[in-house]
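Please read the following briefing alongside the sequence and the coordinates.

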Amino acid sequence: MDLDISQDEFERLFNLSKLFEILKTTVEELCKRNANLMTFDAALVFMFKKLDTMHHEIVARELVASLKRRIKERGLLVASTLNYLHNS
């Protein structure tokens with residue numbers, strides 16, 4: 001089996017691999033038993049910083065934009081939940 005891929009294709013695959021590694025690391029941190037909102041915040045900061053270094057990759061840019069949009073949508077729910085927990 002002969003796989004002929006160009007240098008550009010190889011670089012894209014390599015960058016996708018890096019992107020998936022960043023996501024994997026972030027998800028692993030969020031899934032730890034002792035994870036809390038501070039862990040969540042730190043993991044997202046880490047993930048966004050790492051993904052921002054990959055700004056030349058279309059997939060990374062789209063992922064960052066999509067995640068930031070989704071977090072903004074969900075932000076009010078999280079804030080409301082924290083407020084409820086704090087006041088009860």
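**Overall picture**

Of the contacts in the protein with a separation of 6 or more, 49% are between residues 24 or more positions apart, where contact means heavy atoms within 4.5 Å. The protein has three helices and zero strands, and its elements run α-α-α from the N terminus on; helices (H or I, at least four residues) and strands (E, at least two) are DSSP runs, numbered from the N terminus. The model is predicted, so local features need pLDDT of at least 70 and side-chain atom pairs count only at pLDDT 80 or more, while totals for chains, interfaces and linings use all residues. Residues are numbered from 1 along each chain as its sequence is written, and side-chain values use heavy atoms, with hydrogens and water left out.

**Burial**

- Of the 88 residues of the protein, 15% count as buried, a class that means under 20% relative accessible area, with exposed over 50% and partly exposed in between (1.4 Å probe, protein chains only).

**Helix α1**

- Helix α1 has 24 residues and reaches 35 Å from its first C-alpha to its last, close to the 34 Å expected at 1.5 Å a residue, the expected span being 1.5 Å times one less than the number of residues.
- The buried residues in α1 include Asn 15, Leu 19, Ile 22 and Thr 26.
- Thr 26 has a relative accessible area of 4%, and, leaving aside its neighbours within four places in sequence, Thr 26 is in contact with Ala 43, Phe 46 and Met 47.

**Helix α2**

- The 16 residues of helix α2 (residues 37–52) should span 22 Å at 1.5 Å a residue, and this agrees with its end C-alpha atoms, which are 22 Å apart.
- Within α2, Ala 43, Leu 44, Met 47, Phe 48 and Leu 51 are buried; because they cover an arc of only 130 degrees around the axis, they lie on the same side of α2, the arc being that of the directions from the helix axis to the C-beta atoms.
- Met 38 and Lys 49, by contrast, are exposed on the other side of α2.
- At the start of α2, a side-chain oxygen of Asn 36 comes to within 2.9 Å of the backbone nitrogen of Thr 39.

**Nonpolar core**

- The largest nonpolar core has nine residues in all, namely Leu 19, Ile 22, Leu 44, Met 47, Phe 48, Leu 51, Met 54, Ala 60 and Val 64; such a core is a set of buried Ala, Val, Leu, Ile, Met, Phe, Trp, Tyr and Cys residues joined through side-chain atoms within 4.5 Å.
- The elements that give two or more residues to this core are α1 (7–30), α2 and α3 (58–87), and the largest share, four residues, comes from α2.
- In soluble globular proteins, nonpolar side chains tend to be buried together.

**Salt bridges**

- The count comes to two salt bridges, each defined by a side-chain nitrogen of Lys or Arg within 4 Å of a carboxyl oxygen of Asp or Glu.
- In one of them the side chains of Lys 24 and Glu 28 meet (4.0 Å, N to O), and these residues, four apart in helix α1, are separated by about one helical turn.
- Both partners are partly exposed, Lys 24 with a relative accessible area of 45% and Glu 28 with 44%.
- A salt bridge also joins the side chains of Lys 32 and Glu 29 (3.0 Å, N to O); Lys 32 is partly exposed at 42% relative accessible area, and Glu 29 counts as partly exposed at 32%.

Key: Polar contact = N/O pair within 3.5 Å; in protein donor to acceptor, adjacent residues only side chain to side chain.
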